[in-house]
Amino acid sequence: MKIIITGATGMVGEGVMLECLENPIVTNVLVVNRKPLNWKHEKLSELIVSDFIKLENYEKQLSGYDGCFFCAGVSSVGINEAQYTHITYDTTVAFATKLAQLNPTMVFTYVSGTGTDSSEKGKLMWARVKGKTENDLMKLPFKGVYNFRPGVIKPFKGQKNIKTIYKIFIPIFTVLFSSKTLTLKQVGQAMINAVRNGYSKHVLEIADIRELSK
């Protein structure tokens with residue numbers, strides 16, 4: 001299968017990319033980033049896009065793919081709701097809408113988060129915005145849309161993009177919250193299996209991701 005990955009300059013996207021590069025089912029990986037990734041692999045190609053909303057000049061490069069693993073995102077800390085909505089909702093839905101036009105048989109997987117608010121009415125700003133993003137992605141005419149809500153995530157061996165504070169605390173978190181911990185290898189495997197076989201749910205919590213990764 002041929003896969004598009006966004007957010008590969010961050011921890012989650014990079015880990016998912018590494019699983020795709022290792023997995024023999026995946027033959028081609030296109031990472032779409034705003035800045036160079038600096039990874040080399042025979043399966044890997046890269047497309048630098050400064051604005052994910054303006055994709056008119058990249059339609060040829062984004063066509064012919066079986067799946068998209070959308071791992072790009074930002075923390076809500078330090079930004080207001082309008083800014084967070086533009087980055088999290090507007091950018092994601094615009095990118096997905098273009099891919100749905102170019103690849104109608106594609107499966108789209110979105111990395112959301114535990115606690116996302118599907119009602120879009122809760123008190124937590126980030127959870128409402130993520131919930132609206134999930135809901136509107138599921139309205140697009142893809143073959144399938146799967147919203148992943150991982151909890152604590154253990155990095156992939158050999159990753160480069162891991163924040164120092166995460167390196168310090170992840171061993172503690174994985175012990176204290178083992179039932180809520182996934183490895184990025186499991187997340188990547190589950191995404192690949194979603195493209196290959198589908199899944200009974202379109203919003204996947206930690207237990208669902210773990211089950212789909214098998």
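Me: In what sense do β2 and β3 pair, parallel or antiparallel, and over how many bridges?
Reply: In this predicted model, β2 and β3 pair in the parallel sense, over 5 bridges.

Me: Which residue in β3 stands opposite Val-31?
Reply: Glu-46 in β3 stands opposite Val-31.

Me: What is the strand order of the sheet?
Reply: The sheet is open and has 7 strands, in the order β3-β2-β1-β4-β5-β6-β9, with parallel pairing. Its edge strands are β3 (44–48) and β9 (203–204), each of which pairs on one side only.

Me: And which strands does helix α1 touch?
Reply: Helix α1, residues 11–22, packs on the sheet and touches β1, β2, β3, β4 and β5. The direction of α1 makes about 165 degrees with that of β1.

Me: Where does α3 lie?
Reply: α3 lies across β5, β6 (144–148) and β9, and runs at about 175 degrees to β5.

Me: Moving to α2, how many residues has it, and how far does it reach?
Reply: Helix α2 covers residues 81–102, which is 22 residues. From first C-alpha to last it reaches 31 Å, close to the 32 Å expected at 1.5 Å a residue.

Me: What is found at the start of α2?
Reply: There, a side-chain oxygen of Asn-80 comes to within 3.1 Å of the backbone nitrogen of Ala-82.

Me: Which residues of α2 are buried, and what covers them?
Reply: The buried residues of α2 include Tyr-84, Tyr-89, Val-93, Phe-95 and Leu-99. The cover over the buried residues of α2 includes the strands β1 (2–6), β2 (28–33), β4 (67–70) and β5 (107–111), together with helix α3 (125–137).

Me: New topic: how many disulfides does the structure hold?
Reply: The structure holds 0 disulfides.

Me: Lastly, where is Val-187 found, and what is it in contact with?
Reply: Val-187 is found in helix α5, residues 184–197. Leaving aside neighbours within four places in sequence, Val-187 is in contact with Val-16, Phe-148, Leu-182 and Ile-209.

Me: Why does Val-187 count as buried?
Reply: Val-187 counts as buried because its relative accessible area is 2%, and buried means under 20%.

Note on methods: Residues are numbered from 1 along each chain as its sequence is written. This is a predicted model: local features need pLDDT of at least 70, side-chain atom pairs count only at pLDDT 80 or more; totals for chains, interfaces and linings use all residues. Side-chain values use heavy atoms; hydrogens and water are left out. Helices (H or I, at least four residues) and strands (E, at least two) are DSSP runs, numbered from the N terminus. Buried means under 20% relative accessible area, exposed over 50%, partly exposed in between (1.4 Å probe, protein chains only). Contact means heavy atoms within 4.5 Å. A disulfide is a pair of cysteine sulfur atoms within 2.5 Å. The expected span of a helix is 1.5 Å times one less than its number of residues. A polar contact is a pair of N or O atoms within 3.5 Å; within protein, one must be able to donate a hydrogen and the other to accept it, and residues adjacent in sequence count only if both atoms are side-chain atoms. Two strands pair if DSSP finds at least two bridges between them. Axes are lines fitted to C-alpha atoms, for helices over the stretch in contact, and angles run from 0 to 180 degrees between N-to-C directions.
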